[in-house]
Structures are given as structure tokens and as C-alpha cells.
Amino acid sequence: MYNQTLLMMPGPVPMAESVRGAMLNQAINHRSKQLGDCYSDIVRILQPVFGTKNEILVLSGSGTAGQEAAIGSFAKGKKVASLVNGKFGERLGLISQIYGETTMIESEWGHALNLEALAESLENGAEVVTLVHNETSAAILNPAEEVGKLCKKHDALFILDGITSIGGDVVKADEWGVDVAIVGSQKCLAAPAGLAAVSVSEKAWERLSENRPFYLDLKKAKKSADASPKETPTTPAVPLFMAMREACRLIEEEGIENRIARHRKLSAAVREAGKVWGLAPVPQVDALHAASNTVTGFFYPEGIEDSQIRGFCKKMGIEFAGGQDRFKGKIFRVGNMGIIDTPEILATVATIQLAFKKAGFKLGGDGLEAAAEILSA
Ligand SMILES: *Cc1c(COP(=O)(O)O)cnc(C)c1O
């Protein structure tokens, strides 16, 4: 990739050439069959990726716009229980505090969620539950299915941030009882940043909040999307819609099962490298919580600075993420989302290994070889 940094971030991610090319067209009238067909294609392809038969609405705005649209449209004025074990769970909680009467059920970042406290909160009348499926900040995969069961039992609405799981890992929104699922364009879908897609169940539509936000009102989005050809209430980010359709077409071409298998293999290789190096993983896994299959995080060992590892890799043209907030300077996170594949993982693992060597730190073993073992299987 001439004159480009290899982005191994948990979003944004590298985009296929055809996805980039899809943004080059002349402006079009967005109230047109051209835009409507594009929107329809995105919805048709994303439905099985979300694991839903429900309507999917595409919004111009990043993942957080999807979060706020979901909460502002369905949790406004309601009792909300927000599960938090990382930065993005916290963000859902903070948005919920603006719109509803919210209890944050907090765990240490990267640790198990407190499902007993959730059950208690539901007994006490919580009407809406928010959860991040793949908590990117702590590289942990949370038990969406279990939370869905609790929501069903108490007839609560379930809002799921699937921003870094949808398109890269298994999501079964309908089977798990998810009422509102959210994805962002620049993560596993490998589309440009700036769009969010939100699926909405019948149950959620029946419980629409009153006095919803203006710009992020999902009822308005639905009314426009119900038109034929499909429309959006206000001018959409047309070039991004075009690129998103192409990114979705590539997902369809690869097949979602193959895509998930690829993400799992790549993340397994990074996890194994870290294990051989002797680095402590960020997520604390148990029977219900697993390490993420789309981003892998490790703690830096004592005496190693973030700049020594990420700084060196960046100099070599490979960029991945550090820690956010309380994890700043303490962890690093390697994404394997979207169209990332074996060569990129090998290059990244090799360069990280070299960075530790340059920093004078003796790792436990050859993580590169361990990763290659998995990748070549
Ligand atoms: C990236 C991310 C978001 C926020 O998305 P933006 O596109 O930055 O608004 C929300 N949730 C999760 C889990 C994410 O990884």
C-alpha cells in the first residue's frame, strides 16, 4: 500500500478500492430511485448480518448517532438500566442519563458484567436495557444472548450496540430478543466513517417515546424509509451511502459465515501471539464473557511505555490503538476488522515483537511463529 499507513485500528479500517471508488460519482438528487435502490440494497444485505428480519434504518452520522437515535427514540422518559464494562457501555449510559431515568450497572473495564444487579434492576421496573456487545475499549465480548433472556423475562426493551460485532462476529438480533441493534460503518463493515444503521423490532415501535430528538428521530426515519423508493427525512451523506452499498456487496460476496470465520482466525492468531509473549490480556473471560473476535488487547508489561511500542510500529507504517481513558498508556489494541487478512496480521505481530526487542524487553517466546501457525492452519 504505497504511501499509506496500515490501519490496524478497531475502526476506522482500510477500505477496498471499489468502496473508495464508489464515492467518486457526481452529486445526485437524493429523492430519487438511485438513492432509494442504494438504501434498499444496504438493508437487504445487512438484515442477515444483523440476524434480523426487522426494518433497518440508515442514518448519516457515526456510531454514536445510532446510539443516540436508539436511546432518544425508545428510552426517552423511561427507566433505563445501562450495563457498563468499558468506554462504550459508559457512553450508552451517559446518553441514557440525558434522556431517561438511568441506573448504570458498572463493572471494572474488561471484567464480567453484573447480571444479578441487572435482574434486580429489572425487578424494580427498568423498562429499557442498554448493552455493548463487543466492548471495543476492553476487547471483551459480552453475553448479549443472556441479557436478551433477562429482557424477555421482564418484558423490557433491549438496545444492543453491535458496532464492532455486526459484520465481524455472530449476531442474532431476533433470536436473542434484541429490539434495537446498532452498527457503525467504519468498523467491521469496512465502509467509510459517517453512517450508522439501526434495526428496530415491532415491540420497540409499539413503545416509541414521546418528544423524541428532531434529527435523530427514528420514527421520521422509518416514515421516509417506508416510501418507495426509500428516502431519508433530511439530506443523507449520499457518497457514504454509495460506498456502504459497495462494502455490503463485498460482504455478500464473501458470505457472512466466511467473514466471521476469517475474523475469528485472525483474532485467534493475535491472542496466541500475546500468550506466547507472556502479555496479560485485557478481557477477563469466564463462562459468559469471551475475548473479542474483532479486536485484541494486552496490558503493557511493567517498564514499557506506549510510545516505545506504538511509536515504533507507527514509524514502520503500522498504526493500532492504545487505551482510552483509564486504560490510556496501559494497554494496546490490535483490530482485525473488515477486510484485514493474514499478511496484515503477520506484519503487525512481527513489528510489535520487534518493538519489544528494541525496547530491551525480553518476551516469553516467538509470538510471530505462534500466530503463523494459526494463520497457516
Ligand atoms: C466505535 C464505537 C462506537 C462509537 O462510534 P463512533 O463511530 O466513533 O461514533 C460505539 N460503540 C462501540 C462499541 C464502538 O467500537
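Select proline 12 to start: this residue lies in the loop between strand E1 (6-7) and helix H1 (17-21). The model is a predicted one. Glycine 11 and proline 12 are joined by a cis peptide bond. Its omega is about -5 degrees.

Go to proline 229. The loop here runs between helix H8 (218-225) and helix H9 (238-254). Select serine 228 as well. What kind of peptide bond joins serine 228 and proline 229? The bond is cis, with omega about 0 degrees.

Next, pick asparagine 211. This residue sits in the loop between helix H7 (202-206) and H8.

**The seven-stranded sheet**

Colour the strands E2-E10-E9-E8-E5-E3-E4, in that order. These seven strands form an open sheet with mixed pairing. Which are the edge strands? They are strand E2 (55-60) and strand E4 (101-106), and each pairs on one side only. From one strand to the next, the twist averages 20 degrees.

Zoom in on strand E8 (residues 157-161) and strand E9 (residues 180-184). The two run parallel and are joined by three bridges. Select leucine 160: opposite it, in E9, stands alanine 181.

Take helix H2 (residues 33-50). H2 touches E2, E9 and strand E10 (195-200). Its direction makes about 120 degrees with that of E2. Then take helix H6 (residues 144-153), which also packs on the sheet. What does H6 touch? Its contacts are strand E3 (79-84), strand E5 (128-132) and E8. Against the direction of E8, that of H6 makes about 165 degrees.

**The ligand**

How many residues surround the ligand? There are 14. The closest are Ser62, Thr64, Thr136, Asp161 and Lys187.

Colour the shell by class. Eight residues are polar, three are nonpolar and three are charged. Then colour by element. Helix H3 (63-74) and helix H4 (87-99) each supply at least two residues of the shell. H3 gives the largest share, three residues.

- Threonine 64: a polar side-chain atom lies 2.5 Å from an oxygen atom of the ligand.
- Threonine 136: an N or O atom in the side chain is 2.5 Å from an oxygen atom of the ligand.
- Lysine 187: a polar side-chain atom is 2.8 Å from an oxygen atom of the ligand.

On its own, the ligand has 380 Å² of accessible area. The protein covers 89% of that.

**The three-stranded sheet**

Move on to E12, E15 and E14. They form an open sheet in the order E12-E15-E14, with antiparallel pairing. Why is one side of strand E12 (295-299) and of strand E14 (321-322) left without a neighbour in the sheet? Both stand at the edges with a single partner strand each, so one side of each has no neighbour there.

Select E14 together with strand E15 (residues 331-335). The two pair in the antiparallel sense over two bridges. Click glycine 322: its bridge partner in E15 is phenylalanine 332.

Last stop: helix H10 (residues 256-277). H10 packs on this sheet and touches E12 and E15. The direction of H10 makes about 10 degrees with that of E12.

Technical notes: Residues numbered from 1 in each chain as written. Predicted model: local features only at pLDDT ≥ 70, side-chain atom pairs only at ≥ 80, totals over all residues. Heavy atoms only, no water. Pairing = 2+ DSSP bridges. Helix = DSSP H or I, 4+ residues; strand = E, 2+ residues; numbered from the N terminus. Contact = heavy atoms within 4.5 Å. Axes fitted to C-alpha atoms, helices over the stretch in contact; angles between N-to-C directions. Near = heavy atom within 4 Å. Polar contact = N/O pair within 3.5 Å; in protein donor to acceptor, adjacent residues only side chain to side chain. Areas by Shrake-Rupley, 256 points an atom, 1.4 Å probe, with all protein chains shown as cover. Nonpolar A, V, L, I, M, F, W, Y, C, P; charged D, E, K, R; others polar.
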